[in-house]
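Please look through the sequence and the model shown here before reading on.

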Amino acid sequence: MLVHSILRTVRLWLAPALTLATFLNLAPANAQPAQGPARAKMILDGCRIAGGLCVQLGCDDMATPAGLAQTGRFLVQVLGAQTERVAQAREKIHSLGLYGLVSVDKMGTADRLPYAENLVNLVVIENRSAPAIPLAEVVRVLAPGGVVILPEGWTTKAALQEAGLGALW
């Protein structure tokens, strides 16, 4: 069982389609989700995270990881479930000249992230088609003060409570 008390502060963003502006009530309800550099800027401004290791689950959108890496504040690893999409994402990163600051890899197992505990500063769950990882596993790898950005409908109150995050709901 994960214990989250005074030793860990986890910030959780439940953001419709990763639209932090909508989550923060800064955009009209019918506004399109921000993409790429605009989304990266909203993540940086909205989460107030200084930088570090960012992990994005899902590799359909490579503009956001690229935008975060271009700030010079993040080392970004993107994890995808499908070999073909992982290859396409790698090509995109190479074409942008960002390979090294951004890397793309295929998920090894569906229930475990390939990181030590308390290592990752920012986890972005790209969309509902991102690799299915238990929320408790996402929380395990988060550094103190880390941020998780979830798409709307990705989790439930029960799952948050089971992961030790019920107080954030």
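This is a predicted model: local features need pLDDT of at least 70, side-chain atom pairs count only at pLDDT 80 or more; totals for chains, interfaces and linings use all residues.

Residues are numbered from 1 along each chain as its sequence is written, and side-chain values use heavy atoms, with hydrogens and water left out.

Begin with the nonpolar cores. A nonpolar core is a set of buried Ala, Val, Leu, Ile, Met, Phe, Trp, Tyr and Cys residues joined through side-chain atoms within 4.5 Å. Buried means under 20% relative accessible area, exposed means over 50%, and partly exposed lies in between (1.4 Å probe, protein chains only). The largest core has 24 residues, of which Met62, Leu68, Phe74, Val76, Val102 and Leu122 touch the most other members. At least two residues of this core come from each of α2 (36-47), α3 (63-70), β3 (74-80), α4 (83-95), β4 (102-106), β5 (120-125) and β6 (142-151). Helices (H or I, at least four residues) and strands (E, at least two) are DSSP runs, numbered from the N terminus. The largest share of the core, four residues, is supplied by α2. Another core, of 22 residues, lies apart from this one and includes Val120, Ala130, Leu150 and Trp154. In soluble globular proteins, nonpolar side chains tend to be buried together.

Valine 76 shows some of these contacts in detail. Leaving aside residues up to four places away in sequence, valine 76 touches Cys54, Pro65, Leu68, Ala69, Leu101, Val102 and Ser103, where contact means heavy atoms within 4.5 Å.

Three of those names lead to α3 and one to a cysteine; take the helix now. Six of the eight residues of α3 are buried, namely Thr64, Pro65, Ala66, Gly67, Leu68 and Ala69. Threonine 64 has a relative accessible area of 0%, and its side chain makes a polar contact of 2.6 Å with the side chain of aspartate 61. A polar contact is a pair of N or O atoms within 3.5 Å; within protein, one must be able to donate a hydrogen and the other to accept it, and residues adjacent in sequence count only if both atoms are side-chain atoms. After α3 comes glycine 72, with a positive phi near 80°.

Now the cysteines. Cysteine 54 is buried at 1% relative accessible area, and cysteine 59 is buried at 8%. The whole structure has zero disulfides, a disulfide being a pair of cysteine sulfur atoms within 2.5 Å.

Last, glutamine 82 sits in the loop between β3 and α4 and is partly exposed, at 45%.
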